[in-house]
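Load the model and keep the selection tool ready. The tour goes from one stop to the next.

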Amino acid sequence: MVNRIFLKYDFRRAPFSPVSHADLYQCAMEQVQWGEKQGIGTTMVCEHHGTDDGYCPSPLITLSAMASVTDKMRLVTSVIILPFHDPLRLAEDIAVLDIISDGRVDLVMAAGYIPSEFDMFDVSLKKRPSIVEDSIRALRQAWTGEPFDYHGRQVKITPVPVQSGGPRIILGGSSDAAAKRAAKIADGYMPAVPETFMAYIEESHRLDKTALILGGQ
C-alpha cells in the first residue's frame, strides 16, 4: 500500500517561525503535486489535538484538498484517532473523500494515548479498546450502504465509498494487545514500536489471516 518513498505531514509550526500555518498548508499542496510528478505514490497526514505547535487536527479535510491537486497518489490517514470521532459521521466523511479521490484512500487508525486529548474530548482512556472495536465494526457496516443496527438505532450511511467495502483499515499500536486486535479486526498493522511485531504475526497466523505490516509512525 505504501511506497518506500512517501510524503508525510503533521503541519507543526516551529516556535518563532515566520512561516504561518497558511503557508505550511499551501506549500504542502504544491509539494504533493510535485511529488506525484516525481513518482512518489503516497502521502500521509497525521492527527493530534490541542498542541501548541498546531499539529494537524483534521487529516480528512487536508487529504481532500490534496486529492483535488493529484490524480494517482494514495492518500493515507496516519493516523485517525478513533475515540475522538463519531463513527457514523466518520464513515460519511471517509466515503466522500474516497469518492472525491476516485478510490485512492487508505486508512491508518489508532486508539490514541495522550491524556490531555482524551480530557479535551471527554473520553475515558480505559474505554479505548472497546471504542476502537465498535468504531471499526460500524465503519464496515456503514460502507455496505445497507441499513444496520447501531446502539439500538436503525441507521443507513450514503453514499458508499468507491472502493468496494470501503478503504482498507490498518490499525496502529504500541502494545501486544493492540497488535492482536489489529490481527483480529483490521486489514493490517502499523507498529509504533518493533517489540509488538511478533505478537501481530503470531495472532495473524493463529487466525489464518495474511499479515500486512506498515512501517512505524
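What volume does the second largest pocket have? About 290 Å³, where the volume is the space filled by probe spheres set on grid points joined across faces, edges and corners. A pocket here is an open set of points on a 1 Å grid over the protein atoms alone, where a 1.4 Å probe fits, with protein on both sides within 12 Å along at least five of seven lines. Lining residues have an atom within 4 Å of a point.

This is a predicted model: local features need pLDDT of at least 70, side-chain atom pairs count only at pLDDT 80 or more, and totals for chains, interfaces and linings use all residues. Residues are numbered from 1 along each chain as its sequence is written, and side-chain values use heavy atoms, with hydrogens and water left out.

Stop 1: H2 and H3 are the elements that give two or more residues to the lining. H3 gives the most, with six residues. Helices are DSSP runs of H or I, at least four residues, and strands are runs of E, at least two, numbered from the N terminus. By class, the lining has nine nonpolar, three polar and four charged residues. Nonpolar covers Ala, Val, Leu, Ile, Met, Phe, Trp, Tyr, Cys and Pro; charged covers Asp, Glu, Lys and Arg; the others, Gly among them, are polar.

**Stop 2: H2 against H3.** Show residues 59-68 (H2) and 87-100 (H3). Their axes come within 9 Å and cross at roughly 10 degrees. The axes are lines fitted to C-alpha atoms over the stretch in contact, and angles run from 0 to 180 degrees between N-to-C directions. H2 and H3 are therefore roughly parallel, a label for angles under 35 degrees. Leu60, Leu63, Ser64 and Ala67 of H2 meet Leu90, Asp93, Ile94, Leu97 and Ile100 of H3. Contact means heavy atoms within 4.5 Å.

**Stop 3: Gln141.** Move to helix H5 (residues 128-142), where Gln141 sits. Gln141 is partly exposed, at 31% relative accessible area. Buried means under 20%, exposed over 50%, partly exposed in between (1.4 Å probe, protein chains only). Beyond four places in sequence, Gln141 touches Glu146, Phe148 and Asp149.

**Stop 4: H7.** Select residues 197-206. The buried residues of H7 are Ala199, Tyr200, Ile201, Glu203 and Ser204. They pack against helix H6 (176-185) and strand E8 (188-191). Just after H7, check Asp208: its phi is positive, about 60 degrees.

Note on methods
Parallel < 35°, antiparallel > 145°, perpendicular 65-115°, else oblique.
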